[in-house]
Amino acid sequence: MPTEPGLAIRRKSATPSSGTKGRSEAIEVSKLVDIDLCIGCKACEIACKEWNDLAPDDTANFGSYQSHEDLTANTWDLMRFKEVDLDNGDLAWLIRKDSCLHCDEPGCLLACPAPGAIVQYENGIVDFDQSKCIGCQYCIAGCPFDIPRFDQETKKVYKCTMCVDRVDAGLEPACVKSCPTGSIRFGTKQEMVSYGEAKVAKLKDRGFDDALLYDPSGVNGLHMMYVVPRGDMLDDYGLPSDPDTTTSLSFIRALQAVRGVGAIAIWAGLIGSALYWLRSGRKRPPPEDEAVAAAEELGRDDDEDAAIEPVPAGDAREDDWP
Amino acid sequence: MTNHWRDFRNSDVILVIGANPAENHPCGWKWAHVGRDERGTRIIHVDPRFTRTSAIADVFVPIRAGTDTAFFGGLVNYVLEHELYHEDYVKLHTNASFIVAEGFKFEDGLFSGYDEAARSYTTTTWDYERESGPQGGGGPKPGLGQGTTSTTPTTAPSFAKVDPTLRHPRCVFQLLKKHMSRYTPEVVSQVTGIPEDKFVAVAKEFAATGAADKAGSVVYAVGLTHHTSGLQIIRGAGILQMLLGNVGIPGGGVNAERGHANIQGNTDNAISWEILPGYLGIPRPGMETMADYMAKVPAKQLRPNSINFFGANYKKFLVSQLKAFFGDKATAANDFGYAWIPKPAQNSSWLTIHDEARAGRLDGIIYGGFTGVTVGPDSRRMAESIGKLKWLVIMDPLPTTASEFWHAPGVDPEDVQTEALFLPATHWIEKSGSFTNSGRWAQWKHKALPATGEVKDDNWILGHLFRRVRDLYRKEGGALPEPVLNLFWPYSDPGNPGLDELAMEVNGVDLTSGEQLSTFTALKDDGTTSSGNWIYAGSWTAEGNQMDRRGTDDPTGLGFFHGWAWSWPLNRRILYNRAGADADGQPWDPTRPGLRWNGKKWVGDIPDITATSTPADAKGAFIMTGEGVARLFAPGNLTTDGPFPEHYEQTETPIDNLLSGTRRNPAAFLYEDAPASFADDDAEFPYVATTYRVTEHEHYVTQNVPYLVEAMPDFFVELPVELAEKKGISNGGRVKVRSKRGEVEGVAIVTKRMRPLRIGDGKVVYQVGIPVHWHYAGGKGEGEAAPMMANLLTPYIGDANVRTPEYKGFLVDIEKA
């Protein structure tokens with residue numbers, strides 16, 4: 001991944017005052033997926049892989065039009081398909097492009113203890129720098145949308161970069177370029193919001209009373225929004241109705257609140273609780289052995305911000321994840 | 001398409017039937033979405049399967065595969081019954097007023113003239129009543145498009161009688177009404193499985209486009225053509241659109257979505273055996289001279305105001321084509337080499353060709369971009385047929401099931417005596433040339449990748465092959481050597497004719513001045529012009545390659561883009577566009593003026609009639625017919641199975657014909673031994689199967705493309721939840737599907753998108769979906785033991801008119817594997 005393209009940086013993980021604002025006046029950008037125009041062709045999936053040099057996976061049909069059951073460290077963009085019965089007896093086949101939503105208040109970045117491993121540019125794009133990633137997977141816990149994926153071989157976490165290298169060069173992301181219907185759009189955040197609001201009004205005219213522009217305030221808005229015709233079915237689309245960075249970060253925040261107390265017992269208790277919460281309340285468990293080792297190393301030579309005590313290795317393995 | 005892709009944005013309602021454009025034509029389909037965003041276009045999707053098109057449609061209507069004639073019959077009946085037709089249009093632009101001769105009858109599913117033993121019709125009673133005495137005089141004044149007119153005296157037969165009031169009991173309008181009156185919503189529902197209320201709702205919505213200021217489009221693909229009555233289904237769509245006044249207008253039309261990028265170009269240039277390039281009929285035995293041919297083939301003028309452009313100019317197109325074929329060897333003295341054109345004594349469709357091979361009457365076949373085994377139908381029979389050949393040449397970029405048929409699973413190469421020769425050819429991505437899209441736009445494209453290794457272009461292969469064959473004829477002689485020895489071969493590299501040279505030759509040249517022609521109205525029948533395909537005249541003019549233009553001006557705002565590429569004929573974007581205006585030349589809908597008479601000339605699109613021909617001349621809009629109007633009733637031998645569409649059940653069907661005692665299409669040809677491989681009823685094979693493609697795959701090549709294999713990785717079978725429960729089949733598990741001809745095995749997709757339908761008096765019918773793509777030759781399919789060619793299942797029978805195989809709607813059984 002490109003580490004520091006010539007884009008102005010708003011902030012970096014675990015790095016106070018990391019912004020370079022003032023160097024340039026960046027315009028906030030956004031992607032928008034107009035679900036009304038999406039035909040589920042997967043051109044975006046393939047374009048994503050080709051541009052980002054991600055090799056094809058050896059997939060197998062699991063009784064669906066969906067190529068993979070879930071996002072992977074090697075598949076950052078996935079068309080999800082779901083059949084839903086409607087009240088009037090008709091059927092809806094919900095199709096959604098699932099990939100990083102580039103939160104304006106990115107839970108992944110705020111959770112990340114590795115300085116500079118997650119970067120948010122002034123334009124709003126949230127990018128991972130794997131060279132600085134310690135594999136602790138706090139970003140996974142911090143993400144309200146369940147997007148980042150850990151690679152067991154490289155021990156790093158990956159997700160959509162919004163093709164920041166292309167954007168830096170004045171191009172649209174690869175998925176946008178490949179979309180044959182214009183469902184995936186790219187422009188300034190303002191342009192995309194205007195498009196989205198106008199489209200929602202049209203959808204309402206067409207009888208989609210619950211149509212909405214998905215741009216939740218709990219994460220201070222998104223840099224990849226959706227126009228959702230059936231806004232009453234967010235759950236079926238796999239979109240949280242009220243995502244919130246605060247909630248997803250509660251465990252990290254709890255740690256930060258007691259920073260400096262130094263009482264080993266308190267630390268241990270807190271971490272134990274946090275682990276329990278993570279296991280039962282979230283899809284992804286926290287760090288594994290290797291990540292812990294990396295965190296330890298980090299803890300030794302960084303400031304107290306990142307000096308989180310090692311977490312005992314959990315017994316949950318990737319294989320066991322639901 | 002009568003219209004074109006971009007024109008979808010001008011529609012009020014789009015009826016998509018037997019097509020899956022979101023999946024198979026995503027780039028063109030986006031204009032329907034644009035229409036919806038801009039003007040609230042409604043999209044109705046009628047299909048056996050709920051597909052990715054249904055997912056974004058406003059209305060989805062499930063239908064039993066193979067019952068589309070009944071569906072269209074029902075719509076036509078609804079429109080007539082409720083008087084929702086566009087009356088002025090019907091009177092002005094259709095043959096509704098024509099009186100049919102007394103002998104024409106229709107009884108119990110059979111039209112008059114049926115010969116049961118021959119399984120064919122004598123069509124003499126399918127005719128108009130004629131006015132007494134010879135008519136005519138000076139004959140028509142054909143004049144098309146750009147103002148060039150010429151007068152061809154025709155022997156004027158007597159004209160058809162008409163009743164402009166449409167009241168005569170034998171006028172087409174009354175006969176159509178009577179014929180279609182049997183297609184009530186109730187019967188249509190019982191036949192098609194569409195719930196009656198849903199059918200009526202759709203009928204009401206689409207029929208509303210009969211208002212003069214509304215535009216409805218019918219969009220179809222091979223879901224309508226892959227049937228024994230495929231042609232009649234399309235006729236049904238045509239009749240509906242004619243009654244609603246939807247042909248010739250922006251946002252209307254009967255729009256066929258063609259298969260891959262250049263299927264339209266293939267058809268235009270005679271990939272079908274029954275035509276010469278430009279839709280000129282192939283001569284038959286008995287048409288020994290051009291005079292014989294001209295007496296029998298071209299349409300005759302049937303009304304005083306009929307332009308009969310095609311019929312009147314046929315000879316010019318044919319002679320110019322013969323000049324392109326044979327150059328200086330084509331002279332007036334030798335009938336321009338007419339005698340050298342083959343005159344097939346029997347059907348020569350691909351089904352017949354392979355049947356001939358199977359019977360041992362054919363030595364060899366050259367396949368170019370075709371692989372009989374996967375294309376089918378009845379892959380096992382196809383493989384058996386090519387196994388009887390002495391030689392088989394395959395010209396293709398990648399190994400195919402034909403090139404590898406001798407080591408297909410279950411075949412012992414020792415048993416195969418056929419010599420198979422594989423000639424690696426460039427892929428279209430490795431060469432420049434033209435693609436003609438569904439909307440008739442010929443667009444020049446440019447080579448994207450260099451060819452690798454010893455791969456050669458098809459034109460190189462054919463060029464070298466031709467020269468060697470010609471040398472053999474020169475040295476050794478042979479039967480009928482003239483067409484080979486006299487073939488005009490003027491290319492700068494005779495072994496490798498340039499695609500640009502060929503395109504210029506197809507366009508045509510004035511042989512006197514040597515200039516490229518700009519219009520087919522300049523073609524002559526005296527040997528002074530040459531044109532390989534009259535409808536492409538204008539595609540490569542003295543100004544250069546018109547297909548390579550990329551102008552983006554759209555002065556009308558209707559999306560014609562006359563400066564972008566080039567469309568046949570004469571860069572016209574909407575066919576029959578004169579019909580889009582009333583008797584005074586004013587557009588039916590002033591907000592969508594496809595063509596308008598401004599007092600001096602027609603403006604808008606390139607007009608179908610002479611630009612300065614006044615509305616007062618009342619020249620008919622349908623310039624390709626002798627009638628000068630569109631045919632609700634198709635007289636004479638235009639079809640083999642009836643002047644009106646009639647519903648018959650498929651070759652394999654779970655139910656009797658509810659509309660007549662004639663169960664199957666009585667004129668569909670039965671190949672030797674084939675009926676023995678058809679299931680008589682649904683006792684052993686209770687489920688209706690249909691075949692299709694998915695967006696991730698293209699034909700048979702993409703199993704070689706890792707990213708596309710990743711996106712849609714395996715051969716699968718889609719089946720209803722209820723059927724899966726009955727059979728103990730789980731989603732994602734494996735299933736076997738069996739027809740009387742073969743078996744396939746794949747992953748089960750158990751889905752609510754395949755809904756059971758109720759037909760007849762409540763019988764439940766389950767439908768099963770089987771995609772066409774996977775095979776044993778190369779890529780991911782290589783070495784796969786399970787059979788996964790959908791066409792192992794399909795029946796060896798074709799449409800009664802054009803022999804397109806019945807790939808949709810055959811019977812199967814299914815079980816857990």
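**A walk through chains A and B**

Chain B is divided into domain 1 (5-81 + 206-262), domain 2 (350-482) and domain 3 (674-816). Keep in mind as we go that this is a predicted model. Notice that domain 1 of chain B is written as two stretches of sequence, 5-81 and 206-262.

Let's see how two of these domains meet. The C-alpha centres of domain 1 and domain 3 of chain B are 25 Å apart. Where they touch, 21 residues of domain 1 of chain B are in contact with 28 residues of domain 3 of chain B. On the domain 1 side, helix 1 (21-24), helix 9 (222-225) and helix 10 of chain B are the elements that give two or more residues. Sorted by class, this side of domain 1 of chain B has 11 polar, six nonpolar and four charged residues.

Is helix 10 of chain B mostly covered or mostly open? It is mostly covered, with 14 of its 14 residues buried. After helix 10 of chain B comes Gly245(B), with a positive phi near 65°.

Now move on to helix 14 of chain B, residues 350-358. Here the buried residues include Leu351(B), His354(B), Asp355(B), Ala357(B) and Arg358(B). Why do these residues lie on the same side of helix 14 of chain B? They do so because they cover an arc of only 155° around the axis. Among the elements that cover the buried residues of helix 14 of chain B are strand 12 (364-368), helix 15 (372-375) and helix 16 (379-386) of chain B. Just after helix 14 of chain B, Gly360(B) has a positive phi too, about 75°.

Finally, turn to chain A. It has 322 residues, and 46% of them count as buried. Chain A contains 11 helices and 11 strands. Among contacts in chain A with a separation of 6 or more, 65% are between residues 24 or more positions apart.

How does chain A meet its partner? In total, 28 residues of chain A are in contact with 32 residues of chain B. On the chain A side, helix 1 (43-51) and strand 4 (91-98) each supply at least two residues. The largest share, four residues, comes from helix 1 of chain A. By class, the side of chain A that touches chain B divides into 11 nonpolar, nine charged and eight polar residues.

Notes: Residues are numbered from 1 along each chain as its sequence is written. Chains are lettered from A and ligands numbered from 1 in the order in which they are written. This is a predicted model: local features need pLDDT of at least 70, side-chain atom pairs count only at pLDDT 80 or more; totals for chains, interfaces and linings use all residues. A residue is buried if 20 or more other C-beta atoms lie within 10 Å of its own, exposed if 12 or fewer, and partly exposed in between; C-beta atoms are placed from the backbone. Two residues are in contact if their C-beta atoms, placed from the backbone, lie within 7 Å. Ala, Val, Leu, Ile, Met, Phe, Trp, Tyr, Cys and Pro count as nonpolar, Asp, Glu, Lys and Arg as charged, and the others, Gly among them, as polar. The arc is that of the directions from the helix axis to the C-beta atoms. Domain bounds come from an automatic or database domain assignment.
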